Amino acid sequence: MIANVHDRRSVEKIYLREAFDFDAGINSRRARRARLAASASGHATRAEEGFVKDMREHRIAAIPADGIGKEVIAAGLEVMQAVEARDGGFRLAVETFPWGSDYYRKHGVMMAADGLAALRNFDAIYFGAVGDKDIPDHVTLWGLRLPICQGFDQYANLRPTRILPGIKSPLAGRGPADLDWVIIRENSEGEYAGNGGRVHRGLPEEVATETAIFTRVGVERIMRFAFDVARSRPRRLLTVVTKSNAQRHGMVFWDEIAALVGKDYPEVTVDKELVDAMTTRMVLKPETIDTVVATNLHADILSDLAAALAGSLGIAPTANLDPSRRFPSMFEPIHGSAFDIAGKGIANPIATFWTGALMLDHLGEKDAASRLMRAIERVTASGIATPDLGGRATTREVTAAVCDALRSANT
Ligand code: ATP
């Protein structure tokens with residue numbers, strides 16, 4: 001249908017064409033204006049008006065940012081366009097923001113001063129990666145990604161991990177049936193709260209503090225979120241990761257609140273694991289794990305391990321969610337900007353595609369999300385893979401294969 005509208009030559013259809021012009025990356029305010037103008041001008045046919053009205057629209061802010069972020073978000077938007085065309089029931093109005101390290105070099109800041117206000121009215125954010133060889137990591141991270149996560153109270157970080165069909169795990173003899181996890185990371189406080197400082201800078205007596213913050217509200221809401229996820233999965237099993245043997249304040253508090261919240265979820269089986277023991281369990285007994293909840297720091301580390309065990313950092317997705325939906329949530333691959341391969345055209349885009357499926361699911365496009373996952377799995381099963389997975393395909397080839405799988409899907 002999009003193609004039909006695009007193909008019309010008559011001048012009076014220009015308004016409508018603008019409303020559907022995904023490639024131009026226009027924002028939906030402009031799209032809405034265009035649709036209203038088309039309708040008001042009487043130039044849209046009745047059928048087209050009906051089509052326009054019935055179309056669900058989701059506003060997406062794309063922030064490719066740095067390194068391979070640029071490559072994988074471009075690939076992700078191409079796949080999103082194929083999903084949209086295949087589905088026919090919704091439209092993504094995408095606006096791309098130029099923020100990141102190049103922006104920093106020009107303007108001295110990672111994002112515009114009114115950046116959060118600009119993002120506020122989007123339905124979701126599709127994010128690439130931050131990190132640059134010449135700019136310290138804490139500047140890039142605290143200049144772009146963390147202000148968005150914290151400013152929009154995206155307190156729940158969801159990290160599904162599976163061994164996808166056709167992908168070889170570094171765990172000998174393990175396959176898709178052995179590893180199907182969801183790691184939930186507390187994303188708003190804990191060790192990454194940013195609470196601390198440095199005094200006597202540069203002097204021998206210099207002191208630096210980095211104090212973890214655990215609040216009752218913060219811990220309780222992530223626990224409820226984790227129990228909800230665990231309950232929605234067939235095994236109804238939640239592992240609470242802790243370090244309460246050594247950290248006797250924050251982590252004991254964490255455990256107590258987990259036990260308290262658990263009383264409201266009698267159908268969920270809970271077990272507790274120290275973070276160090278969790279690493280060995282993930283490697284040696286992956287089949288004993290289902291849903292995992294951990295602090296900001298612990299889950300950050302565990303989920304990189306999880307991604308590696310599932311085959312590559314290049315396939316691991318994540319969603320930074322504001323479950324209250326007051327603010328837009330942000331969807332990004334777990335990996336960083338990977339300067340070692342940036343610009344070579346070989347970045348694995350699968351993490352970004354899977355992230356896109358999480359975004360579609362969050363936007364209520366469940367069928368489209370499932371269809372995209374099936375297309376991704378068809379491609380991984382077929383052996384088309386980038387070098388990080390032992391293959392020889394380029395980012396472009398994997399992207400084209402997923403788009404083809406979407407176009408040829410029966411359901
Ligand atoms: P950050 O600090 O932002 O997590 P990092 O430098 O620790 O970043 P990455 O940038 O994610 O880590 O890269 C780690 C390694 O994984 C690199 O060797 C990189 O090439 C590889 N890698 C990461 N993402 C991908 C991808 N999508 N495709 C292929 N290889 C990847």
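Arg 174 forms a salt bridge with Asp 178, with 3.5 Å between the closest N and O atoms. A salt bridge here is a side-chain nitrogen of Lys or Arg within 4 Å of a carboxyl oxygen of Asp or Glu. Arg 174 counts as partly exposed, because its relative accessibility is 25%. Buried means under 20% relative accessible area, exposed over 50%, and partly exposed in between (1.4 Å probe, protein chains only).

This is a predicted model: local features need pLDDT of at least 70, side-chain atom pairs count only at pLDDT 80 or more, and totals for chains, interfaces and linings use all residues. Residues are numbered from 1 along each chain as its sequence is written, and side-chain values use heavy atoms, leaving out hydrogens and water.

The whole structure holds 28 salt bridges. Three of them are tabulated here.

| Salt bridge | Closest N to O |
|---|---|
| Glu 332 – Arg 145 | 2.8 Å |
| Arg 174 – Asp 178 | 3.5 Å |

Glu 332 and Arg 145 are both buried. Arg 231 is partly exposed at 31% relative accessibility. Glu 267 is partly exposed at 32%. Arg 56, Asp 87, Glu 365 and Arg 371 are linked in a salt-bridge network.

Now the ligand. One of its oxygen atoms is 2.8 Å from a polar backbone atom of Ala 338. A ligand nitrogen is 3.4 Å from an N or O atom in the His 335 side chain. Polar contacts are pairs of N or O atoms within 3.5 Å; within protein, one must be able to donate a hydrogen and the other to accept it, and residues adjacent in sequence count only if both atoms are side-chain atoms.
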